Structures are given as C-alpha cells and as structure tokens.
Amino acid sequence: MAIHLGGSSRISLAATRDSLDKSLAGLSGDAASALSTDLFAVVNALGQNVALRRAITDPSRHADEKESLLKDLFASRISDKALAIAASAVTKRWSAPSDLLIAMEQVAIQAEAGAANSRGELDKLEDEIFTFGRVLVTNQDLRNALNGNPDAVAEKKALVDQVLKGATTSTRALVGQVVNGLWGRSIEGALSDIAHATAEHRNLVVAYVQSAIELSADQKAKLASALSKQVGQAVRVNVETNPKVVGGVSIRFRDELIDGTVISRMAEASQALAGK
C-alpha cells in the first residue's frame with residue numbers, strides 16, 4: 001500500500017525519517033525496539049485525540065509553541081531520543097492533521113525494522129507480516145476479531161501473541177501495536193502500512209504478485225530483477241498463489257497494476273470484439 005501524503009507532508013516525513021536514521025545509528029536491537037515503543041506512545045496519543053492532533057499541526061501556531069506543547073505532554077513519558085524525533089516532526093508543516101499521525105506511525109514502524117535489522121531478522125519480519133496477511137484472508141473469525149471492538153485491547157493483544165507465538169519479537173511488537181491503533185483502517189490496511197514502512201527502511205518497493213502456481217526462487221529473483229529495472233529501485237516480491245489466475249501473473253506495486261493473466265487478456269479481447 002502506498003502512503004498518500006500532500007506535498008509539504010511528504011517533505012516533512014522525509015525529514016522526520018532522517019531524524020530517525022540518525023537516532024538509530026549504533027543502537028542495539030533492544031534499544032531500537034524501546035525507541036519504537038516510545039514513538040508508538042506518541043502515535044497512540046495523536047490517534048486517540050483529534051483536538052491534540054489539530055492543535056499540534058495548526059499552521060497558525062509558531063513551531064516553538066507546538067514543540068513546547070509536545071514536550072509538556074511527553075517529556076516524562078518517553079526517551080530523549082524519541083522526544084527529539086517527535087519534536088522535530090511537530091515543527092514541520094503538514095498538509096492535514098492526520099498526516100502527522102501517518103508519518104509518526106511510519107517512523108515508529110521503521111524504528112522496529114531497525115531493531116529487526118540489528119538482530120539479523122529483517123527479512124524474516126517482512127516474510128512474517130506477509131504470511132500473517134495471507135492467514136487473515138483465509139480466517140474470517142480472526143479477521144473479525146482484530147477488526148472488531150476497539151476497546152478490547154488486552155484481548156486483541158493476547159490473540160496476536162497466540163497466533164504469532166513463533167514469530168520474531170519485532171513482528172509481534174508491530175502487529176500488537178497496530179491491532180489496537182487501526183485509526184479507521186482494516187487490519188489488512190494496517191499490515192500493508194507495516195510492509196510499506198519496512199520496505200522504505202531499506203529503500204525497497206514491495207510488489208504483490210498473484211500466480212496460479214507457486215513460483216520458484218529463481219523465478220521470483222528474475223521477476224524482482226525485471227521489476228527493479230522498470231521502477232528504477234530495488235523490489236521485494238511477495239507471491240500469493242491464486243487458483244483463479246488461469247495463467248500468467250498479476251502484479252501490484254505502489255499504485256500500479258500489471259495484469260498479465262489469461263483471464264485479463266481474454267476479457268480485453270472480448271471487449272475489443274464487442275466494440276467492433
């Protein structure tokens with residue numbers, strides 16, 4: 001899923017990511033996870049309090065005033081590193097109040113991605129997030145439970161821990177955070193936002209591929225290479241087997257869809273014939 005932000009918000013998010021990268025330099029996995037937890041504390045406060053979100057992104061307020069407001073709220077609750085990142089973010093210009101919430105969640109996820117990277121588990125984290133999304137597709141009860149009552153915080157956390165008991169610490173931490181901070185999204189949308197943030201952490205584009213048959217490692221590598229040449233950036237390929245795809249593959253990345261399936265080509269041919 002692409003994160004859609006206005007012009008000034010995109011610039012502000014890039015600057016906030018730079019602040020995060022500087023803070024992550026040299027941190028251990030545990031320290032990076034702690035930073036992520038602190039940043040999620042800011043995310044949760046912004047998500048739960050619309051008035052705060054508006055006040056802290058109000059363009060008529062001076063940057064120093066907004067920074068002071070943030071520090072008054074969080075100075076005793078989060079680390080100096082997390083406070084500095086959040087303070088830097090609120091002094092930037094945001095196209096909409098919700099954009100700050102989106103941006104802070106992205107950097108909180110990326111801090112945990114940094115933790116996974118320090119532990120040598122970033123590839124596993126990305127695989128587990130994708131696999132968990134596939135589990136949701138086939139398990140309506142689980143999907144309903146995680147998309148359900150926003151007040152069932154403990155119950156959702158326990159359910160995530162049970163389903164992901166064999167997953168990495170970072171995967172459990174990130175899914176545990178977003179299931180209780182959907183902010184109007186579905187759990188599937190939240191997982192896509194995690195995938196987007198972890199890919200951005202490595203300057204990758206994630207391509208979601210549907211194929212009638214399981215692709216071999218060599219086929220995935222060749223597909224990733226071809227897509228990388230097309231988009232001018234490294235691509236990570238996540239493949240889902242879908243028996244409804246008669247032949248070829250359907251590829252989605254960013255806001256683009258490359259549909260090379262037989263069904264799609266037959267439909268296009270039918271439309272062409274109907275137009276004659």
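Helices (H or I, at least four residues) and strands (E, at least two) are DSSP runs, numbered from the N terminus. The views below come from a predicted model, in which local features need pLDDT of at least 70 and side-chain atom pairs count only at pLDDT 80 or more, while totals for chains, interfaces and linings use all residues. Residues are numbered from 1 along each chain as its sequence is written, and side-chain values use heavy atoms, with hydrogens and water left out.

**View 1. The protein as a whole holds 13 helices and four strands.** Of the 276 residues in the protein, 46% are buried (under 20% relative accessible area, with exposed meaning over 50% and partly exposed in between, for a 1.4 Å probe and protein chains only). Taking the contacts (heavy atoms within 4.5 Å) between residues at least 6 apart in sequence, 68% join residues at least 24 apart.

**View 2. Tryptophan 183 lies in the loop between helix 10 (169-179) and helix 11.** Most residues other than glycine have a negative phi. Tryptophan 183, however, has a phi near 50°, which is a positive value in a residue other than glycine. With a relative accessible area of 29%, tryptophan 183 counts as partly exposed.

View 3. Among the buried residues of helix 11 are Gly189, Ser192, Asp193, His196 and Thr198. The expected span of a helix is 1.5 Å times one less than its number of residues, so the 15 residues of helix 11 should span 21 Å, and this agrees with its end C-alpha atoms, which are 21 Å apart.

View 4. The axes are lines fitted to C-alpha atoms, for helices over the stretch in contact, and the angles run from 0 to 180 degrees between N-to-C directions. On the helix 7 side, the residues that meet helix 11 include Leu125, Ile129 and Phe132, and on the helix 11 side they include Leu191, Ile194 and Thr198. The residues of this contact divide into nine nonpolar, three polar and one charged, where Ala, Val, Leu, Ile, Met, Phe, Trp, Tyr, Cys and Pro count as nonpolar, Asp, Glu, Lys and Arg as charged, and the others, Gly among them, as polar.

**View 5. Helix 2 (residues 29-48) meets helix 3 (residues 50-57), and their axes come within 5 Å and cross at roughly 105°.** Helix 2 and helix 3 are therefore roughly perpendicular to each other. In this contact, Ala45, Leu46, Gly47 and Gln48 of helix 2 meet Val50, Leu52, Arg53 and Ile56 of helix 3. These residues divide into five nonpolar, two polar and one charged.

**View 6. Serine 36 is found in helix 2.** Its relative accessibility is 2%, so serine 36 counts as buried. Leaving aside neighbours within four places in sequence, serine 36 is in contact with Ala108, Ala111 and Glu112.

**View 7. Valine 206 has its place in strand 1 (residues 205-211).** Valine 206 is buried, with a relative accessible area of 11%. Beyond its neighbours within four places in sequence, valine 206 is in contact with Ala195, Ala199, Arg236, Asn238, Arg252 and Phe253.

Technical notes
Angles under 35 degrees count as roughly parallel, over 145 as roughly antiparallel, 65 to 115 as roughly perpendicular and the rest as oblique.
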